[in-house]
Amino acid sequence: MSALLEVRNLRTCFPGKDGPLPVVDGVSFDLNRGEVLALVGESGCGKSMTAFSTLRLVPKPGRVTDGSVVFDGVDLLELPVTQMRTIRGSRIAMIFQEPMTCLNPVVSVGRQVVEAIRLHEPITKGEAMSRVRDLFGEVGIPDPEARLGAYPHELSGGLKQRVMIAMALSTRPEILIADEPTTSLDVTVQAQILELLRELQRERNTAILLITHDLGIVNEIADRVAVMYAGRLVESAPREALFSNPLHPYSQGLLRSMPARSRPGQPLPEIEGVVPSPDQWPTGCRFSTRCPVRFEPCADIFPNETRVENERTVWCHEVERNLGGEGAG
Amino acid sequence: MMEFEPHVWSNGAVVLLLVALTGLVRFVRRDRLWREAARELWQRRRIAIIVVGLYMMIGLVDSIAWKGGVPEDAVGVLPNASLSLLDRAFVDSREASYSAPFADVEFYGGRPLRRPGSHLLGTDILGRDVLYRTLKGARVALLIGGLTSLLAIPLALFFGVGAGYFGGRFDDFVFFLISILASMPNVLLLIALIMAMGAGTLSVCVALAVTSWVGFCRLSRAETLKIRELDYVLAARALGVSEAKIILRHIIPNLAHLIVITFVLMFSGHVLSEAVLSWLGIGVDGSWGQMIDGARDELSREPIVWWNIGAAGLALFGLILAVNAVGDAVRDVLDPRTLREAP
């Protein structure tokens, strides 16, 4: 069975001083129906750009220059703009990091969701409004009837995010792309929103592509995890496998630096150095400048995709060498 | 196309205006934010709003016109002319020459008046009642201010929002246009345009609109550039909203406060500009500007004829002051930068 969304060799460039800078450089992943895939990485590693690229929403002057995004058998990157529009919002929806600014401040939230529904379905305003009322209840907005006429500035951040989720789910999309959906919310609200997302995903069998830098969230909700570093995937694995036995040195570093895993009284381990900016990325493994186990070819040759177990892929010379030693071939 | 007589147009305009006003009121009442803004505006500038409303009433009274029903012996009126309600109130008020307010006799010469004591503000050199002319000026002023703003703001929005949203070639083109307009002296351009189109209310309005849209165009372009990058526009795009709909549903409504503020401020500016044009001899017939211009010689007479210029000047001053007071409050109520925290 092929995946619902197959992203292959995706490459997104921004113009730079010395030619185009690929902020997303050859990213490939699959998203299956009803699955939660977490795309993890530090700020600036290109995870949000990957999400924007799949919906062709890369802000100018950026551009998707290569690759394919096959959704249900159709390459989205080849679609005419008008058809792309009918897919956005109706079959693939997106929620954003900043619920504070994602709603139009001069339109009541009820009407905004109504318009989102009526964009893709030919139903009357009254029908849409009653559906919005149900949706608001479903995403846990207290007193949905009264909130329909509220303006964004009258709602708290958590409520706004719930409205955004209601809007994204209003057309029963097959994929929900959530770009750091809980980053700007406080911890208790974070937990509620995550719980809500998981519930909705289970009930509606929606696939979720979760973009986050928070491994705690990943551990709670994801089925599979793709770790990104400097525009490239470095490791892709089922959640349990990754959390119990990370293979790539970067994944290992990330997991070690989780506060929940550190020992009390000990300084929190960190990965030495900083992420290089796109114009200083090494030609070989992107992580080679900070890698504790780097050796000779790392800086010059990009590691091959190494399939470790079923569903588990790593891009690392060290892993390749070890596996080669075992004669796994 | 059918040829209509002027009074038919005028009556049609009144109907249109009333329909538009009703629509506006219904929109404001339906949308809670606007309703609250309107209420606060009313609380802050009650008197100014009433004054503007009075001017509008006078303008309306002077716009409803029909033919016939004129007394046969009325002086200075063609028997077949179409007369407005206001005209009818002052029909047969014509004297032979100047008279002072409430006078029984002519100002120079001392001959008895036809209607002694009935001219509240006296009469002008041709014996026309000054109060009547002043009231008639209200319609002209409102027409100039309103029509010009209604022409200039959509023009500015079209170019400004288009340039800001789409950028690129269109932006270059708009800036080229703006630069050209900005590098010409406004008054000269006004005169040239009016000369080219021929004097008349419409051509004065068009000329004023052409020379005054640039400022708001810049403002709306800058504001669009800002809004374009906001998350809710991106979110709309992620929902599959088309570009045209994003402009109509997300950009323009978020410019609405600027549109209202600009409309009110532009309005008074245009009425004043018309006075300048009248002084140059290319104004609109029957405007206060023309009355003031016509009174230039009267100021050098001995004894001085003051009521003509006084009435027109005060009427103009009153309207501008009231509109500016409303405009100032509109800005306070709508502009988020001056927004006070709710208590």
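Select A:R56. This residue is partly exposed, with 18 other C-beta atoms within 10 Å. Remember as you go that this is a predicted model. A:R56 has a positive phi of about 55 degrees although it is not a glycine. Most residues other than glycine have a negative phi, and most peptide bonds are trans. Look at where A:R56 sits: in the loop between α1 and β4 of chain A.

Stay in that loop and select A:P61, which is found between α1 and β4 (63–71) of chain A. The peptide bond that joins A:K60 and A:P61 is cis, with omega about 5 degrees.

Now jump to chain B and pick B:F102. Its phi is positive too, about 60 degrees, although B:F102 is not a glycine. Is B:F102 buried or exposed? B:F102 is exposed, with 12 other C-beta atoms within 10 Å. Its loop runs between α4 (85–89) and α5 (130–166) of chain B.

Chain B has a cis peptide bond as well. Select B:E302 and B:P303, which that bond joins; omega is about -5 degrees. B:P303 lies in the loop between α12 (288–294) and α13 (307–334) of chain B.

## The sheet of chain A

Show chain A as a cartoon.

β6(A) and β7(A) run parallel, joined by 4 bridges. Select A:I95 and look across: A:A178 in β7(A) stands opposite.

Next, select residues 224–229 of chain A, which make up β9(A). How many of the 6 residues of β9(A) are buried? The count is 6 of the 6, so the strand is largely enclosed by the rest of the structure. Show the side chains. A:R224, A:A226 and A:M228 point one way from β9(A), while A:V225, A:V227 and A:Y229 point the other way.

Now check the neighbours of β9(A):

- Strand β3 (residues 36–40) of chain A runs parallel to β9(A), joined by 4 bridges. A:L39 stands opposite A:A226.
- Strand β10 (residues 232–238) of chain A pairs with β9(A) in the antiparallel sense over 6 bridges. A:V227 has A:E235 in β10(A) as its bridge partner.

Zoom in on the turn of this hairpin. There are 2 residues between β9(A) and β10(A), and A:A230 takes a positive phi near 45 degrees.

β11(A) and strand β12 (residues 313–314) of chain A run antiparallel, joined by 2 bridges. Select A:R307; its bridge partner in β12(A) is A:T313.

## Helices on chain A

Select helix α1 (residues 47–54) of chain A.

Move on to α7(A), residues 187–204. At 1.5 Å a residue its 18 residues should span 26 Å, and its end C-alpha atoms are 26 Å apart, which agrees. Colour the buried residues: A:Q190, A:I193, A:L194 and A:L197. They cover an arc of only 100 degrees around the axis, which puts them on the same side of α7(A). An α-helix has 3.6 residues a turn, so residues three or four places apart point the same way.

What covers that buried set? The cover includes α6 (157–169), β7 (175–179), β8 (207–212) and α8 (215–221) of chain A. Turn the view around. The face of α7(A) turned away from its buried side carries the exposed residues A:T188, A:R202 and A:E203. Just after α7(A), A:N205 takes a positive phi of about 60 degrees.

## Across to chain B

Display both chains. Here 17 residues of chain B are in contact with 22 residues of chain A. On the chain B side, α2 (32–44), α10 (231–238) and α11 (243–279) each give two or more residues. α10(B) gives the most, with 6 residues. By class, this side of chain B has 10 nonpolar, 4 polar and 3 charged residues.

Last, view chain B whole. Chain B has 13 helices and 2 strands. Its C-alpha trace spans about 80 × 45 × 45 Å along its principal axes.

Conventions. Residues numbered from 1 in each chain as written. Chains lettered and ligands numbered in written order. Predicted model: local features only at pLDDT ≥ 70, side-chain atom pairs only at ≥ 80, totals over all residues. Expected span 1.5 Å × (residues − 1). Buried ≥ 20, exposed ≤ 12 C-beta atoms within 10 Å, placed from the backbone. Arc of directions from axis to C-beta. Contact = placed C-beta atoms within 7 Å. Pairing = 2+ DSSP bridges. Nonpolar A, V, L, I, M, F, W, Y, C, P; charged D, E, K, R; others polar.
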